[in-house]
Amino acid sequence: MKKIEVIAVVLIVLWALTLVSNPIITSITARLYGPSGLTSLSWSQKGMLAARNIVSVLVQVGVAVWLFIQAKRDRATSWVWGLF
């Protein structure tokens, strides 16, 4: 397996993890606090959810930059990998 293929597999796994985490967090919140759970959360709980979302965005941007740099090193189409 080439280096670029390993990068693609890592990216797909990380992307799948971000897709799975949102429904899980929503179902846990609904289970613990009822269907209107997000409206009844305290400010600290809402802050933790916001922090999780910010960290998730930073990880996705970091992965995109890392893929761009790795694709450039491997002489692949770096912009395509950066967008991917």
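At what angle do helix H1 and H2 pack, and how far apart are their axes?

**View 1. Helix H1 alongside H2 in a predicted model.** H1 (residues 3-33) packs on H2 at about 170°, the axes being 10 Å apart. Axes are lines fitted to C-alpha atoms over the stretch in contact, with angles from 0 to 180 degrees between N-to-C directions. That makes the pair roughly antiparallel (over 145 degrees). Helices are DSSP runs of H or I, at least four residues, numbered from the N terminus.

**View 2. Who touches whom between H1 and H2.** H1 brings residues including Ile4, Leu11 and Tyr33, and H2 brings Leu49, Trp66 and Ala71, among them (contact: heavy atoms within 4.5 Å). By class, the contact has 12 nonpolar, seven polar and one charged residues (Ala, Val, Leu, Ile, Met, Phe, Trp, Tyr, Cys and Pro are nonpolar; Asp, Glu, Lys and Arg charged; the others, Gly among them, polar).

View 3. Among the elements, H2 (residues 43-73) has the highest mean, 81, while H3 (residues 78-83) has the lowest, 62.

**Notes.** Residues are numbered from 1 along each chain as its sequence is written. In this predicted model, local features need pLDDT of at least 70 and side-chain atom pairs 80 or more, totals for chains, interfaces and linings use all residues, and side-chain values use heavy atoms, leaving out hydrogens and water.

Definitions and conventions. pLDDT = per-residue confidence, 0-100. Helix = DSSP H or I, 4+ residues; strand = E, 2+ residues; numbered from the N terminus. Parallel < 35°, antiparallel > 145°, perpendicular 65-115°, else oblique.
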